[in-house]
Amino acid sequence: MKITVCIGSSCHLKGSRQIVERLQELIAKNGLQDQVELAGTFCMGNCQNGVSVMLDEELLSLSPETVDSFFETRVFSANQG
Amino acid sequence: MNNLCADIGYRSLFKHGEELCGDRVEIVEQGDSSTVIVLADGLGSGVKANILSTLTSRIISTMVAAGISIEDCVSTIAATLPVCSVRGVAYSTFTILRLIENRTAEIIQYDNPRVILLRDGKHVEFPVSEMKLGGKVIYRSLISLQENDIFILMSDGCIHAGVGMALNFGWERADIISFMETFSEVGFTAKTLGTILLDECNRLYGGKPGDDTTACVVRIRKREPMNLLFGPPSDRNDCNKMMSLFFSKEGKHIVCGGTTSTIASNYLGKPLIPKMEFPDPEIPPIAEIEGIDLVTEGVITMSKVLTYAKDYLADNESYTQWSYKKDGASLIARMLFEEATDINFFVGRAINPAHQNPNLPINFNIKMRLVEELSDCLKKMGKRIKVNYF
C-alpha cells in the first residue's frame with residue numbers, strides 16, 4: 001500500500017506536515033513499515049480540496065484532524081491479518 | 001580583466017547611549033571592477049562625530065574615485081572640516097582601501113587600527129611606506145590581490161572592546177587576528193565575517209559599547225554564476241524554450257515551485273523525488289532531480305529567503321539560522337548570499353489557479369513582488385542580477 005501526501009505550497013499551508021508526521025508516527029507505532037510506503041509529491045493540481053492524499057490510486061482529501069480516523073479505517077484495518 | 005571580484009560588507013555598533021554613529025563607511029564604485037572604500041572615525045561621538053566622519057568619508061571617496069592625489073584629499077579635508085569647539089581641532093581618522101581592476105589594492109591609513117590582511121586563512125603583514133602630510137603621518141601600501149584575500153578595516157572601537165571590563169587593555173589587534181583566522185576559510189560572506197567580529201566586540205563591551213565600533217570586511221573571490229528558475233511560463237508552449245535557456249546557463253541551477261519542478265523533471269527525463277523531512281516546520285520539504293543542484297517548493301520558501309535577505313542587509317542576526325540549517329529556504333540563502341556573485345532569475349508568469357483563493361496567503365502578485373524585492377536585496381549585497389520573464 002502506498003500513501004502519497006501532497007507537500008506543495010497550498011497543502012503545506014493546510015497542514016500536510018502534521019499529516020506526514022502523524023502518519024510516520026502511526027506507521028512506526030503499528031509496525032507497518034514493510035506494508036505501507038509513505039511518499040511525498042509536489043502539487044497534484046487539487047489544491048482547493050487539500051490536503052491532497054493518494055491512497056494507491058484513490059485521491060482523498062485529509063486534514064490534520066481526520067488523519068487518525070483515516071489511518072484506522074483505511075490503513076490499519078487493510079493491513080491486519 | 002580577471003575573474004576576481006570583491007565581496008564587501010560592513011556594520012557598526014553605536015556607542016552606548018548614542019543615537020548616531022560617529023564612524024562611517026563610504027563605498028564608491030568606479031566601473032565594473034574598481035572600488036574605493038573609506039572608513040572614517042570622527043572625533044568624539046554623537047552628532048559631531050557623525051558629521052565629521054560623514055564629511056571625511058564622502059570627500060575622500062569622491063576625490064579618490066576621481067583620481068585626485070591623496071595629498072590634495074587630505075588638505076581639502078583639513079580645510080573643510082569644522083573645528084571642534086571643545087578640543088580646538090578638526091579631526092577624523094580614516095582608512096582608504098582602493099581596489100584597482102580587482103588586481104591591486106592601494107591602502108592608505110591615517111590613525112585607525114592597522115588593516116588586517118588574511119591570505120589563505122593566515123595573517124600576512126604587508127609593507128607600508130610612511131609619508132607626512134600637514135603634520136599627519138600617513139601610511140600607504142600597494143598589494144597585489146589574490147583569490148581568498150580578506151581585508152579587515154576597523155575603527156578603534158574594535159581594539160578598545162572590553163577595556164577595563166572583560167580585558168585590561170582591550171581586545172588587541174593580535175587577538176583579533178587569531179580570532180578572525182579561525183573563521184576565514186569557512187566561506188562566510190564579508191558581511192557575516194564583520195558581524196562575527198562585531199558580535200564579539202559587543203560581548204566584550206558587555207552589550208554597552210564604550211565607543212562607536214565599526215568593521216568593514218573585503219573578501220576577494222572568484223565570480224560564481226547561479227541560476228534560479230521560479231514558476232512556469234505564462235504560455236505553456238514556452239516550457240521547452242524556458243527550460244533549454246535555463247539549463248544551458250553556466251553555474252549551479254536552483255528550481256523553485258512544485259509545478260515548475262515537474263516541468264523541469266519532464267524536460268530532463270529524470271524523476272522528481274520529494275524528501276519527506278521537515279528541518280524547519282514552516283518550510284515545505286525539498287526534492288531531488290538528477291542534474292539540478294537544488295529543488296524546493298515555491299512561494300513559501302522564497303518568502304522566507306526574502307525575510308533572510310532583508311535581515312542580512314540590516315542587522316544580519318539570522319545568519320545563525322540560515323548558515324547551517326537544511327530547509328529549502330536556508331539552502332537557497334546560502335547559495336545566493338554566500339556562493340553566488342552573478343544570479344540569473346528565470347521567472348515564469350503563469351498564474352496558478354489554485355493559488356487565487358482568497359483564503360490562501362499566496363497569489364500571483366505576491367509572487368511577482370517576491371522576485372522584485374529579492375533581486376533588489378541581492379543587488380544591495382553587491383550581486384549582479386538579471387531577471388528574465390517568460
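**Strand β3 of chain B**

I started with strand β3 (residues 34-42) of chain B, where 8 of the 9 residues are buried, so the strand is largely enclosed by the rest of the structure. I note at once that I am working on a predicted model.

Next I looked up the strands paired with β3(B). On one side I found strand β2 (residues 23-30) of chain B, joined to β3(B) by 8 bridges. The two run antiparallel. I picked out one pair: B:D23 has B:D41 as its bridge partner in β3(B).

I then checked the turn. The hairpin of β2(B) and β3(B) has 3 residues between the strands. There B:G31 takes a positive phi, near 70°.

β3(B) also pairs with strand β4 (residues 92-100) of chain B. I read 8 bridges here, and the run is again antiparallel. In this pairing B:V38 stands opposite B:I96 of β4(B).

**Helix α10 of chain B**

I moved on to helix α10 (residues 328-339) of chain B and tested its length. Its 12 residues, at 1.5 Å a residue, should span 16 Å. I get 15 Å between the end C-alpha atoms, which agrees.

Is α10(B) enclosed by the rest of the structure or exposed? I counted 9 of its 12 residues as buried, so the helix is largely enclosed. I wrote down some of the buried ones, including B:L331, B:I332, B:L336 and B:F337. B:R334 is also among the buried residues, as are B:G328 and B:S330.

**Domains of chain B**

I took the bounds from the domain assignment: domain 1 covers 4-222 and domain 2 covers 225-389 of chain B. Their centres, taken over C-alpha atoms, are separated by 36 Å.

How many residues of the two domains are in contact? I find 9 in domain 1 of chain B and 7 in domain 2 of chain B. On the domain 1 side, β1 (4-13) and α5 (190-204) of chain B each supply at least two residues. β1(B) gives the most, with 4 residues. By class, I have 2 nonpolar, 4 polar and 3 charged residues on that side.

**Chain A by itself**

I turned to chain A and listed its elements. It has 3 helices and 4 strands. From the N terminus on, I read the order as β-α-α-β-β-β-α.

I compared its radius of gyration with the globule rule. A compact globule of 81 residues would come out near 12 Å; chain A has 12 Å, which agrees. Along the principal axes, its C-alpha atoms fill a box of roughly 35 × 20 × 20 Å.

Buried residues make up 38% of the chain's 81 residues. I also checked contact range in chain A. Of the contacts between residues at least 6 apart in sequence, 69% join residues at least 24 apart.

**Chain A against chain B**

Last, I looked at where the chains touch. I find 15 residues of chain A in contact with 21 residues of chain B.

Which elements of chain A give two or more residues to this side? They are α1 (9-13), α2 (16-29) and β2 (37-41) of chain A. α1(A) provides the largest share, 4 residues. By class, I have 7 nonpolar, 7 polar and 1 charged residues on the chain A side.

Conventions:
Residues are numbered from 1 along each chain as its sequence is written. Chains are lettered from A and ligands numbered from 1 in the order in which they are written. This is a predicted model: local features need pLDDT of at least 70, side-chain atom pairs count only at pLDDT 80 or more; totals for chains, interfaces and linings use all residues. Ala, Val, Leu, Ile, Met, Phe, Trp, Tyr, Cys and Pro count as nonpolar, Asp, Glu, Lys and Arg as charged, and the others, Gly among them, as polar. Domain bounds come from an automatic or database domain assignment. The radius of gyration is taken over C-alpha atoms; the globule rule is 2.2 Å times the number of residues to the power 0.38. A residue is buried if 20 or more other C-beta atoms lie within 10 Å of its own, exposed if 12 or fewer, and partly exposed in between; C-beta atoms are placed from the backbone. The expected span of a helix is 1.5 Å times one less than its number of residues. Two strands pair if DSSP finds at least two bridges between them.
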